[in-house]
Amino acid sequence: MALTGIQILKMLPKTNCGECGIPTCLAFAMKVAAGQVEIDLCPDVSEEAKATIGEASAPPIRTIKIGSGDSAFTGGGETCLYRHEKRFENATGLAVLIGTDMSDADVDGRIDRFKSLRYERVGVNLKADLIAVKDADGDQGKFTALVKKVLDGAEDANLILMSDNAASLAEGTKLCGERKPLLFGVNADNITDMASLAKETGCPLGVKGSNLDNTVELSEKLIGDGIKDIVIDTGARTMRAALDDNIVARRAAVKSKFKPLGFPTIAFPCEMTDDPMMEAMIASVLIAKYAGIVVLSDLQGDLLFPLLLEQLNLFTDPQRPMVVKEDIYNINGPDENAPVLITCNFSLTYFIVSGEIEGSNVPSWLLIKDTEGLSVLTAWAAGKFGADLIAQFIKKSGIEDKVKHRDLIIPGYLASIKGELEEELPDWTITMGPREAGHLPAFLKEWKPAAK
Ligand code: SF4
């Protein structure tokens with residue numbers, strides 16, 4: 001049960017020392033209760049209180065890390081059923097399956113595609129996160145050789161090691177070093193050995209249930225044995241069953257705080273169909289409905305890219321607009337005669353405008369004004385992109401030292417502020433740019449500084 005701010009305050013030192021970065025213990029307690037800061041920020045709180053508060057404020061779906069360092073995969077941490085209730089925290093991980101029953105060419109192809117199918121969209125790098133290495137024929141030597149090959153071939157891949165044999169997983173884990181893999185799959189026969197291995201290595205465990213009840217049973221046993229980091233597979237191998245199980249698990253964890261299902265799920269579209277298009281469709285459904293990780297049989301750009309975009313759209317916090325930094329951006333190597341354009345700091349606007357300028361090959365200065373992530377017209381309507389604020393920004397930005405001319409190109413939709421801006425910036429000529437970013441290349445190719 002979540003604690004209130006007042007309940008948390010009772011466990012704090014109440015000295016109002018401010019070392020947590022917040023002026024008072026009460027304000028800090030309120031923020032902890034709202035899930036905005038971690039209790040660890042207070043250096044003077046007792047370990048006992050930390051454990052009590054940490055437990056009470058933990059998300060109903062446990063946060064799990066696979067791998068290490070900056071490229072580690074983080075899954076779970078979810079607190080709600082629907083994104084509009086709060087936000088979704090950690091994007092579904094996309095994994096590609098590589099098995100000991102595959103030819104060298106198939107393995108190499110999958111590793112190559114894992115490394116090469118990467119995209120940048122609105123400043124975010126999109127890619128598959130994990131490689132699932134499967135012991136398909138129970139041969140420990142082949143399995144460890146494959147683990148080594150994947151570790152060497154894909155240096156930033158986070159690994160899922162799949163075997164029923166705890167000894168094989170132990171050998172594979174040794175090769176992984178600090179790149180802590182997910183050890184999959186715990187069943188009724190190997191649960192004791194797997195729990196010991198997890199305790200020894202600190203790796204998360206993947207439960208391989210035969211159905212939802214069996215998954216709960218295995219998960220309860222692991223929790224009872226002190227294992228905290230778990231990922232669950234309910235054994236569903238049809239889209240309908242996997243979707244149902246994911247929904248039941250999420251509801252049970254979020255609404256009823258049912259601990260045995262309070263973990264990220266792993267789903268296997270790769271085992272649900274042989275048709276790549278159908279597999280991608282199943283994956284898209286399971287990304288939308290609560291899968292923590294989906295394992296694909298292969299990576300193909302035309303199927304992976306839409307899944308990555310779906311992932312980006314679902315897991316972007318709608319309450320925090322994506323923004324770029326207020327700054328002067330130089331595109332195509334501008335000099336003192338290059339055109340100067342200005343727009344807002346909404347990521348999508350920035351990337352569309354900068355992309356068109358880049359494509360035009362015209363060296364240009366692009367000024368990005370902080371509008372708190374609002375697009376041009378919305379920012380103008382909200383009073384964040386008015387003539388006075390643009391003028392202040394132009395003066396303090398340093399652009400006047402970078403160019404000889406004084407010609408500022410503003411977005412075509414802001415025609416109404418041209419007069420006001422000319423008053424605010426009497427040394428500058430204000431030129432209306434095109435309304436559509438797509439018309440920028442032709443406009444820039446024709447552009448000449450206005451004669452003053
Ligand atoms: S660091 Fe701890 S004691 Fe100091 S103000 Fe913050 S919560 Fe209170």
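**A walk through the model**

Mentor: Cys 42 sits in the loop between helix 2 and helix 3 (47-57). Please keep in mind that this is a predicted model.

Trainee: Is Cys 42 buried or exposed?

Mentor: Cys 42 is buried, because 24 other C-beta atoms lie within 10 Å and the cut-off for a buried residue is 20 or more.

Trainee: What is Cys 42 in contact with, leaving aside neighbours within four places in sequence?

Mentor: Its contacts, on that basis, are Leu 12, Cys 20 and Phe 28.

Trainee: Which residues come nearest to the ligand?

Mentor: Cys 17, Cys 20, Cys 25, Phe 28 and Cys 42 do, out of 13 residues around the ligand. The shell is made up of eight nonpolar, three polar and two charged residues.

Trainee: Which residues does the UniProt "binding site" annotation cover?

Mentor: The annotation, from an unreviewed UniProt entry, covers Cys 17, Cys 20, Cys 25 and Cys 42. These residues span 26 residues in sequence, yet no two of their C-alpha atoms are more than 9.6 Å apart, so they gather at one spot.

Trainee: Where is Cys 25 found?

Mentor: Cys 25 belongs to helix 2, which covers residues 25-33. Cys 25 counts as buried because it has 22 C-beta neighbours inside 10 Å. Not counting residues up to four places away in sequence, Cys 25 touches Leu 9, Leu 12, Pro 13, Lys 14 and Asn 16.

Trainee: And Asn 16, what is its phi?

Mentor: Phi of Asn 16 is near 50°, a positive value in a residue other than glycine. Asn 16 lies in the loop between helix 1 (5-11) and helix 2. With 14 other C-beta atoms within 10 Å, Asn 16 is partly exposed.

Trainee: Let us step back. How many helices and strands does the protein chain have?

Mentor: The protein chain has 16 helices and 17 strands. Its C-alpha trace spans about 85 × 65 × 40 Å along the principal axes. Of its 452 residues, 38% count as buried.

Trainee: What share of the contacts with a separation of 6 or more comes from residues 24 or more positions apart?

Mentor: Such pairs account for 65% of those contacts.

Trainee: Which domains does the assignment give?

Mentor: The assignment gives domain 1 (5-57), domain 2 (64-315) and domain 3 (327-446). The centres of domain 2 and domain 3, taken over C-alpha atoms, are separated by 45 Å.

Trainee: Now for another region. Where does Glu 336 lie?

Mentor: Glu 336 is placed in the loop between strand 13 (327-331) and strand 14 (340-344). With 10 C-beta neighbours inside 10 Å, Glu 336 counts as exposed.

Trainee: What does Glu 336 touch, not counting residues up to four places away in sequence?

Mentor: Glu 336 touches Lys 402, Val 403 and Lys 404. The C-alpha atoms of Glu 336 and Lys 404 are separated by 5.4 Å, although the two are 68 residues apart along the chain.

Trainee: What else is in that loop? I noticed Asn 332 there.

Mentor: Asn 332, in the loop between strand 13 and strand 14, has a positive phi of about 65° although it is not a glycine. Asn 332 counts as partly exposed, with 14 C-beta neighbours inside 10 Å.

Trainee: Why is strand 14 largely enclosed by the rest of the structure?

Mentor: Five of the five residues of strand 14 are buried, so the strand is largely enclosed. Strand 14 pairs with strand 15 (residues 364-369) in the parallel sense, over five bridges. Leu 341 stands opposite Leu 366 in strand 15.

Trainee: One more topic. Which residues does a cis peptide bond join?

Mentor: A cis peptide bond joins Phe 184 and Gly 185, with omega about 20°. Gly 185 is part of strand 8 (residues 182-186).

Trainee: Finally, is Ala 198 buried or exposed?

Mentor: Ala 198, in helix 7 (residues 191-201), counts as buried, with 24 C-beta neighbours inside 10 Å. Leaving aside neighbours within four places in sequence, Ala 198 is in contact with Leu 183, Cys 203, Leu 205 and Ile 227. Ala 198 and Cys 270 are 72 residues apart in sequence and 26 Å apart in space, C-alpha to C-alpha.

Key
Residues numbered from 1 in each chain as written. Predicted model: local features only at pLDDT ≥ 70, side-chain atom pairs only at ≥ 80, totals over all residues. Near = placed C-beta within 6 Å. Nonpolar A, V, L, I, M, F, W, Y, C, P; charged D, E, K, R; others polar. Domains from an automatic or database assignment. UniProt positions renumbered as here; feature names shortened; annotations may be inferred. Helix = DSSP H or I, 4+ residues; strand = E, 2+ residues; numbered from the N terminus. Buried ≥ 20, exposed ≤ 12 C-beta atoms within 10 Å, placed from the backbone. Contact = placed C-beta atoms within 7 Å. Pairing = 2+ DSSP bridges.
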